[in-house]
Structures are given as C-alpha cells and as structure tokens.
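Have it open as you read.

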Amino acid sequence: MKYVNKEIKKVDGIGLITGKPFYTDDMVANQEYLIIKLLRSPHAHAKIKSIDTTVAKKVPGVEAIYTYEDVPQTMFTLAGQSYPEPSPYDRKILDEYVRYVGDPVAIVAAVDERTAQKAMNLIKVEYEVLEAVVDYEKALDSHILVHRDKAHINYNNIGYDNTRNLASSYLQEKGDVDKGLKESEVIIENTYYTQPQIHAMMETYRSAAYFDVYGRLTVISSTQIPFHVRRHLARALEYPSSRIRVMKPKLGGGFGGKQTSVCEIYPAFVTLKTGKPSKIVYTRKETQAYSNTRHAMRLTVKIGSDREGNIKAIDINVLSNTGAYGEHAPTVTALVVYKTFPLYEKIPMRCKANIVYSNTTVGGAFRGYGATQGTFAVESAVNELAHKLGLDPTEVRMKNLVNQSETVSGDIKKCIEIGKKSFGWENRKVLDMGNGKVRASGMAVTMQGSGIANVDTGSATVKLHDSGDFTVMLGVTDMGQGCDTVLSQMAAEVLEVPLEKIIVNTADTDTSPYDPGAYASSGTYVTGNAVVIACEKMKKEIIKSAAKLMNKSEDELEYKGEYVEAQDGTRLTLKEIGVRSVSFEGQNQIITTGTWGGKTSPPPFIASFVEVEVDTLTGETNVVDFLSVVDCGIPINPALARVQVEGGIAQGIGLALTEEITIDEKGRLLQDTLMQYKIPSRKDIGGNVKVIFSNSNEPTGPFGAKSIGEVVINTAAPAIADAVYNATKARVRSLPITSEKLFWEITLK
C-alpha cells in the first residue's frame with residue numbers, strides 16, 4: 001500500500017505548530033461579541049428564594065441578565081449520544097434548585113469581561129440552603145433527594161429511580177457465577193476506588209453564537225459532537241433545528257469532556273434573546289471544577305479459582321457517582337461489563353451496578369469511558385489472585401484470557417508473549433537501589449471497542465473538483481488525535497492519487513454528512529469504513545462519467561488513479577473529467593456519500609509492563625520503564641498511533657499516581673487549578689516509554705484497522721499498583737497512589 005500503514009505527517013501539523021488561527025476563539029477574535037459570565041452557586045444544594053438583578057442591570061455595558069424565570073422549562077440532557085439518548089433528561093438551562101457547587105444561577109451578558117464580572121458581583125441571591133449529599137457512598141436511598149421530580153427517560157430499562165437517587169442501575173451476568181465461586185478452592189474479595197479524573201485539556205470549554213445573513217442561529221464551538229449539540233440546542237431552546245447551524249473549528253484537546261455540551265447553550269440562548277453575537281470562555285477553574293469529570297467509582301471484586309490459577313468466576317459490584325446530573329450515567333458504567341466480560345470470555349462473570357446522583361460535579365465521558373475503572377479493579381484482582389496462588393500474573397492470564405478466533409481478530413496472549421520477551425519480564429527482579437529506594441515491576445491487560453455496535457454510524461462525502469482534486473467532507477471531529485490525516489490517507493489509497501489531492505473539510509452541520517462525533521473510538525474504524533465506501537463509489541461514478549464523455553462503454557474503461565484509460569489506450573485525466581463533467585457538456589457534479597455502521601465492535605488489545613522505583617522512606621513513586629504491546633489491527637498511520645499510545649500512558653500514569661481530587665464537606669472541588677491538580681509532565685512518565693504493535697487483520701475494519709484512541713489509558717493504573725506492591729508489599733487500592741497514601745500503607749503494614 002502506498003499511503004496506508006505509512007508514517008505520514010499530520011496534514012494540519014505545520015499550521016497548528018506555527019499558530020495559525022484555527023480554534024474557536026480565533027474565529028471570533030476582534031469582533032464585537034457580548035461576553036457571557038455565569039453566576040454560580042456557592043452551595044452544593046439549595047433552593048433559590050429570590051434573585052435581585054436590579055443594581056447589576058444598571059451597570060453601563062450590561063446587555064442582559066437572565067435567571068431561571070427567563071429560560072424555557074424543557075428538560076434535556078447534554079450527553080453526546082445518538083438519539084434517543086440513554087441518559088435521563090434531568091436538567092434545565094437554569095433551575096430554581098442548584099445541585100452542586102458551581103451550578104449556574106444566572107447568565108450575565110455584557111460588552112466586555114470586566115463589565116460582566118462587575119455586574120455578576122452585584123447580583124443578590126437569597127438561598128434556602130438544603131442538606132447535601134456530597135459523599136456518593138451515602139447517596140443511595142438517602143433521605144436527601146438530589147432530584148425531587150422524575151426525569152424523562154427514553155428507555156425504561158436503565159434502572160432510573162430518582163426517589164432512591166438512582167440515575168441508572170443494572171445487573172449483567174454470563175455463566176453461573178455462584179456455581180463457579182462454590183467450586184473455587186481460593187477466593188479473594190477486595191474493594192477498589194477510582195477518582196473523578198479531570199480532563200485538563202489545553203483549550204478550555206468555549207463557544208460563540210450569532211445570527212447569519214439568513215437569520216439562522218450559528219454556533220461555533222470547541223466540541224467533539226457538533227450534530228448532537230445542534231439537537232440539544234433545538235430541544236433546550238425550543239427552537240427548530242433547521243434554524244440552527246453548528247460549526248466545529250480545531251480543538252485544543254477534549255479527552256471526552258467535550259462529548260458533553262458543556263457551554264454551548266449559554267451563547268445560543270443569549271443571542272436568541274438579544275439578537276446580538278455572544279461568546280463564553282470558561283476559565284481554568286470553571287473547566288476543572290464546574291464542568292464534568294470521569295465518574296468516580298467504588299468496585300468490589302470477588303474472584304475465585306482453583307490452585308492452578310484457572311479462574312472459576314468473577315463477581316463485580318459497582319457504585320458509580322454521576323454527580324448532580326445523569327449525563328452518560330447509564331453508559332459509562334456499562335463499559336465495566338462490556339470491556340471486561342469479553343476479555344475473560346470463558347469465565348462466568350456478574351456485575352451489579354448502581355449509578356447514583358450526588359451533590360457534586362457532574363460525571364461525564366472521559367477517554368476509556370468506564371473501561372478504565374473496570375480494568376483497574378478486575379486487573380488488580382487478577383494480580384492479587386496470582387500473588388495469593390504464588391503464580392506469575394502472566395501465567396494466570398494465559399490460562400484465562402480470550403483466545404483468538406473467527407470472531408476475535410486480535411490476540412491478547414500474543415501481546416503478552418511479545419511484551420514478556422521485549423521487557424525482559426523473567427529477569428525483572430525486585431531491586432534494592434539503596435537509600436530506601438526499591439525497584440519492581442507489574443503488568444496488566446485490557447481491551448476496548450471500535451465504535452458502538454448497532455448504534456452509531458459514520459458518513460463521508462467525496463466531491464471531484466474541476467481541478468481534478470477531491471474534497472472529503474467529514475462530520476467526525478479531529479481533536480488532535482489525527483483523524484483528518486488518517487482518513488485522508490485512506491481516501492488517497494482508495495482513489496489512487498497523491499495525498500496532496502485530498503482536501504479535508506470538517507465539521508459543519510450544514511455541509512458535513514452526519515457523524516455522531518469523536519467518541520467511542522470510532523474515527524478510524526467507523527468513519528474510515530464510510531470513507532472507503534464513498535471513495536469506491538467515486539471511482540465508479542468517475543468511470544460512468546468518463547464513459548459518456550469518451551463515448552465508450554463502462555466495461556471498456558479502467559480507473560488508473562489520476563486518469564481513466566480505455567482499452568484502445570485513449571485517456572482522460574481526472575482534471576479533464578472534472579472540468580467536462582461540470583460543464584454544459586457533462587452537467588454532472590460528481591459527489592458520492594458513504595455511510596457505515598458496525599454490527600460488531602472489534603476490540604483492540606493491550607498488554608502493558610511497567611517498572612517503578614519507590615522511595616520507601618517517603619512513598620514517592622516514579623515510573624522507570626513502561627512498555628505497551630498494542631493490537632489495533634493494521635495501524636493506518638503508525639506514527640500517529642504511537643503518539644496515541646504514549647499520550648494514553650501519560651494520562652494513565654496521572655490517574656495512577658498524581659491526579660488527586662478532594663471534595664470537602666461543603667461540596668467544593670479543591671483542585672480547581674493546575675497548581676493543585678498535577679498532571680504528568682515528560683519527566684513523570686519515565687525515561688523509557690516503548691510501544692510495540694502486534695499487528696492483526698480485522699476483516700470488518702478499513703484496511704484491517706481497529707481503534708486505538710481509548711484502550712491506551714487503561715493498563716497503567718493496575719500495572720503500576722502491582723509494581724508498587726511488589727516493591728513495598730503495601731497494597732493501595734484507592735487511586736491515585738500518592739506518596740502520602742503509600743507512606744502510611746508502608747508504615748502501618
């Protein structure tokens with residue numbers, strides 16, 4: 001292949017690194033937009049008794065101030081999910097009740113930020129402060145109800161019950177778990193905690209709105225989900241979706257946070273009410289504390305086996321915190337099941353989960369979705385079982401993991417074998433480095449999916465220009481992962497033209513074909529298949545058009561990339577076909593569209609191995625060596641795939657060691673800046689991060705490819721936790737494994 005499986009530089013790389021104006025705020029810079037600020041609740045739970053905006057409205061330059069009395073009362077969800085969304089419709093633009101510290105109370109629009117801030121400080125709010133439930137472990141069946149009124153739900157089977165603070169609940173089982181546990185010779189049961197990780201993307205949440213020349217509401221947003229945003233706005237604003245246009249410029253990162261429509265509703269509402277352009281830019285504090293986080297979870301895992309390490313059953317009990325609103329509540333926690341059950345396919349497994357409301361920051365989508373939390377708990381339990389049996393953790397996994405088959409294209413056991421050899425696993429011993437420092441190793445495995453089977457689809461439209469070039473119009477969102485480049489490579493490969501002849505255009509709900517957005521690891525697999533279909537159709541349409549122009553039958557012609565050739569040797573170049581097709585002679589603008597959705601979601605696999613150095617005197621842990629062996633099918637662009645893995649490892653290290661969240665008794669999230677919330681730097685991820693691809697061929701994927709975007713984050717935490725245990729014999733089951741936690745575990749053991 002000429003372009004696929006080649007390390008080609010990102011098509012937008014030079015523009016991005018040289019600071020070209022591609023981002024949301026660039027699109028509206030130096031224009032007269034009203035600036036929006038949100039007055040937020042200082043209380044975790046309260047009823048608004050009165051709001052006095054009289055003085056604030058008199059501040060010169062204030063355009064408008066809106067409260068819950070001024071907004072539509074339609075309930076909706078902000079979750080970026082295909083319609084009908086599984087998430088409950090449990091929020092309004094503004095509400096009489098506030099349910100977490102930071103919940104919006106009033107919308108202030110003014111000529112500049114200083115004026116908006118001044119007016120906001122002059123708003124007088126009288127609250128009836130209500131008792132709050134800020135500890136999600138106390139939320140289920142609490143006398144404190146986060147939502148007094150029942151929300152609309154699209155599915156009756158999500159286990160919603162607001163009277164119990166349940167946003168969702170479920171029970172899934174395969175095989176006879178009770179029988180397996182009864183037959184087990186060894187049983188262990190432990191509880192694991194994962195924290196509400198913050199996305200910490202470079203570009204904070206931001207959006208702008210204006211009326212175009214046709215009187216349509218146009219929204220520019222840093223979002224992963226432009227089509228879902230349009231649908232949410234139409235419902236929340238009670239405004240026709242045909243009158244709304246959403247455009248997505250480049251994103252400065254998202255990691256799942258922008259799979260929720262965090263801020264678009266506010267400028268859209270202000271512009272709709274005032275008729276004037278408006279914009280909102282979240283501060284870092286708002287982005288950290290008042291938007292959404294990974295769902296915090298408590299996972300209790302019971303695992304039974306015989307003495308040879310053959311696992312007989314795994315039983316998982318989950319309590320997940322969706323926070324004040326139920327965005328993604330039913331689906332995130334479901335991935336605890338969907339991404340662990342198939343990995344241990346032949347083992348009976350059961351998972352009971354309750355996803356609860358609490359008066360805390362909203363839980364949302366985060367890279368890995370619920371698979372990250374589930375992987376930490378299940379893989380940690382497997383490691384602990386191996387220790388109890390006195391077996392190598394790789395040996396236990398080789399006995400129990402899913403085998404490659406006709407329905408499973410990848411081979412996780414092959415990943416383990418490659419990793420053991422490359423990492424020198426057999427020779428990695430516990431090393432005393434002196435001065436209280438000890439080195440040791442750990443490992444873990446994981447899987448994810450490629451799109452959402454039987455739900456989401458992707459589309460691509462290809463247009464032949466009179467210049468002989470092609471525009472590939474996409475609805476999928478490139479947020480830095482490089483899908484514009486990967487999809488361009490596929491188009492160039494199928495159309496057999498140089499990459500420079502492929503023009504990528506994304507994402508605009510007016511001109512782009514429908515795509516649910518950048519989530520569920522769907523870009524390469526789902527939208528990639530759509531690109532291949534559209535390009536194959538394009539070749540056929542070019543042949544058809546050339547046949548008419550050359551007065552020959554289609555059977556006589558062959559598509560040769562940059563030209564079409566007849567059996568007699570005559571040719572027409574793509575430029576000639578393009579020019580003549582759109583002329584009076586041809587009267588045919590050649591455009592094709594491909595749409596594709598998967599009946600399956602083929603799993604990428606990873607086996608990771610890590611060595612850490614622990615200072616047993618202080619509890620400080622540093623990553624020394626990290627290896628991930630990845631099966632993502634055939635990587636379309638190995639360089640970009642490698643960067644995805646390295647970035648996921650870094651986020652996983654942060655989850656494991658440093659990214660701590662504290663919510664005080666009043667419901668305040670304390671790590672609300674990057675000074676308090678520590679994400680890993682290059683120094684923190686170790687001097688030797690290595691990625692190896694164990695290629696397989698996925699028959700349903702474009703050019704044999706599967707996904708890679710999310711699976712990469714899952715293994716770091718359980719592998720590091722076990723390495724720390726091997727170094728200290730102290731087991732920390734609550735993330736992150738900070739030096740303080742580990743110090744006390746070492747001291748008290």
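1. Start with the charge-over-ring spots. R40 lies over the face of Y282, 5.1 Å from the ring centre. Keep in mind that this is a predicted model. Another case is R731, whose charged end sits over the ring of Y725 at 4.4 Å from its centre.

2. Next, the aromatic pairs: searching the whole structure turns up 9 of them. Take Y66 and F269: the ring centres are 5.0 Å apart and the planes stand at 80 degrees, so this pair is edge-to-face. Y66 belongs to strand β3 (residues 62–66) and F269 to helix α7 (residues 265–274), so the pair ties together parts 203 residues apart in sequence. Both Y66 and F269 are buried.

3. Y192 and F376 also make an edge-to-face pair, with 5.9 Å centre to centre and 85 degrees between the planes. Here strand β8 (residues 186–194) supplies Y192 and helix α10 (residues 371–389) supplies F376, so parts 184 residues apart in sequence are tied together. Y192 counts as buried at 1% relative accessibility, and F376 is buried too, at 1%.

4. There is also a ring cluster to look at: F423, W425 and F609 are linked by ring pairs.

5. Now the serine. S707 is in the loop between β29 (688–693) and α17 (716–728). Is S707 buried or exposed? It counts as buried, because its relative accessibility is 3% and the cut-off is under 20%. The side chain of S707 reaches the backbone oxygen of G449 at 2.6 Å. Setting aside neighbours within four places in sequence, S707 contacts G449, S450, S521, P604 and C632.

Methods. Residues numbered from 1 in each chain as written. Predicted model: local features only at pLDDT ≥ 70, side-chain atom pairs only at ≥ 80, totals over all residues. Heavy atoms only, no water. Helix = DSSP H or I, 4+ residues; strand = E, 2+ residues; numbered from the N terminus. Buried < 20%, exposed > 50% of the residue type's maximum accessible area, 1.4 Å probe, protein only. Polar contact = N/O pair within 3.5 Å; in protein donor to acceptor, adjacent residues only side chain to side chain. Contact = heavy atoms within 4.5 Å. Phe/Tyr/Trp six-rings, centres within 6.5 Å; stacked < 30°, edge-to-face > 60°. Lys NZ or Arg CZ within 6 Å of the ring centre and 35° of its normal.
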